[in-house]
Amino acid sequence: MYLCRLVMFRAIFIGCLLGLSFVIFAQLPVVQIDAVSVNPQTNQVQIFWTSSSSTNVVGYRIFEQYQDNPLLNFAIDTVFGRLENNYTVERNADTNFRYRIDVFDEDFNHSPITSDWKRIFLCKVEQGSCEKKLHVSWSSAERSLSNIAYFEIWLSKNDEPYTLAATINDPLQRSAVVDAFGHEQKYKIYVRAVNSTETIFSISTADSLVMITAPEPEFAYIETINVVDDKTVEVACLADVSKVWKHLFLYMDGSLEQTITYADFLNNNRFLLPRKDGFYHFEISDTCGEIVIRSNDAKPVLLEAELQGTVVNLRFSEYQGWFGNDIHYEVYEIQDDHTAVKTGLSPHQTHSFAISSIEQILNLSYYVVAREISDNPYGIKSLAKSNVVDIISRNEIPLYFPTGFVPGGVTRIYRPIYVSQVNDEMKFLIHNTFGQVVFSTTDPTDGWDGTFNNSGNECQAGVYLFIFELIRNGKTMQKKGVITLIR
């Protein structure tokens with residue numbers, strides 16, 4: 001009986017104590033963490049909460065947990081003052097930790113219910129391969145999404161002050177792409193979560209990287225275009241080779257004419273292209289294949305000249321595309337072995353020159369040289385040469401065409417008689433009077449034996465027509481005539 005009364009008494013006593021404790025704890029409210037933020041200047045964690053309105057609260061305790069392990073849960077500090085609303089962890093931010101707080105009264109009684117654990121707001125920045133862009137991602141700021149109005153991305157380049165790089169108006173978004181510039185640059189980025197009242201809600205950790213992209217050449221310039229002949233021009237290109245790039249693309253009026261690798265360009269920067277009436281330019285791609293620089297547009301000097309009686313009239317176009325402003329033109333006149341230079345001439349005007357002793361001149365030709373004298377930003381003094389126009393050319397190739405041919409006679413085959421050279425291009429054709437080709441060859445040692453295409457079928461005796469064409473050193477000569485086949 002006594003034992004029953006003792007047990008009942010103790011139960012009532014413990015119940016009273018628990019009831020008293022519940023009354024005490026019930027007077028201490030739970031204060032939730034508003035944000036676990038990072039100071040971008042000091043890289044220290046800042047914990048923010050809304051201060052308690054309860055007069056029983058005299059302070060707050062800050063708890064830290066390592067790697068979500070409940071056994072590694074410690075109170076790291078105490079903050080006195082009911083109106084206090086933030087705390088700074090006196091070390092660099094460490095994403096392995098998360099935080100919570102509770103309140104206490106003047107007797108150091110603590111509420112049995114504490115705030116939820118909150119993590120540091122995380123930011124991660126990466127660079128895509130060969131991109132000049134930064135891929136930024138961030139975690140949730142661990143607060144009701146209705147309280148986040150938008151995110152801001154802040155960027156520092158080479159340890160310069162942070163500037164606003166982008167604003168993300170979707171509070172559900174967790175990634176963005178930011179443009180970046182330069183070959184090798186250091187970037188640091190953090191994200192701010194801003195609430196509906198336009199105050200900072202939370203700042204993430206700052207992530208950094210050294211962005212490395214393909215280096216960009218600093219200059220690309222067509223130095224000159226020389227006219228080689230009626231079909232070809234020579235384009236001289238200048239480009240920055242201190243940076244390794246991938247390809248140089250040569251264009252004529254927007255049409256790709258030639259592709260040159262960086263290695264080939266180191267060996268030769270002059271290229272032969274088809275001669276056309278238009279502008280040439282080139283572009284360079286970096287090691288990722290992206291076009292990074294474009295040259296000037298350039299157009300060669302073209303000369304037109306003709307002899308009228310004893311007067312040569314000539315007219316030439318302007319060289320276009322040089323960056324310099326001071327361009328001079330010189331007209332070179334070559335009479336046999338003598339060269340004269342005429343200066344002070346302007347493009348797009350007709351210039352006339354009287355020729356004395358014209359019957360005694362064997363060769364007379366002209367060409368124009370344009371010179372970039374000054375004001376070129378690269379310090380270049382370029383020159384460009386026009387096409388050569390032959391006015392008089394009496395040094396013809398000695399040729400002999402027999403007027404008759406007897407198959408099987410003294411001359412076994414019929415062919416033109418001349419001294420051929422290694423680089424000659426020759427074509428020889430014989431037609432009958434109906435226009436039918438009875439013989440053709442490009443071999444200077446070959447000839448017609450009087451049969452149809454040298455097949456053994458004899459052609460009839462009579463008159464036949466021949467055409468002879470010879471290309472030597474870029475010059476073309478053509479002869480036509482008749483021969484008589486005798487049987």
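Is Glu-257 buried, partly exposed or exposed? In this predicted model, Glu-257 is partly exposed, with a relative accessible area of 25%. Its partner in a salt bridge is Lys-276, and the closest N and O atoms of the two are 3.0 Å apart. Glu-257 belongs to strand β19 (residues 255-261), whereas Lys-276 sits in the loop between β20 (270-274) and β21 (280-285), so the bridge ties together parts that are 19 residues apart in sequence. Lys-276 is likewise partly exposed, at 38% relative accessibility.

Glu-216 pairs with Lys-132, the closest N and O atoms being 3.6 Å apart. This pair links distant parts of the chain, 84 residues apart: Glu-216 is in the loop between β15 (207-212) and β16, and Lys-132 is in the loop between β8 (123-127) and β9 (133-138). Both residues also take part in a network of salt bridges with Asp-286 and Glu-290. Arg-371 and Glu-330 meet through their side chains at 3.1 Å, N to O. Since Arg-371 lies in strand β28 (residues 363-374) and Glu-330 in strand β25 (residues 326-335), this bridge joins parts 41 residues apart in sequence. Arg-371 is partly exposed at 26%, while Glu-330 counts as buried at 15%.

Definitions and conventions: Residues numbered from 1 in each chain as written. Predicted model: local features only at pLDDT ≥ 70, side-chain atom pairs only at ≥ 80, totals over all residues. Heavy atoms only, no water. Salt bridge = Lys/Arg side-chain N within 4 Å of Asp/Glu carboxyl O. Helix = DSSP H or I, 4+ residues; strand = E, 2+ residues; numbered from the N terminus. Buried < 20%, exposed > 50% of the residue type's maximum accessible area, 1.4 Å probe, protein only.
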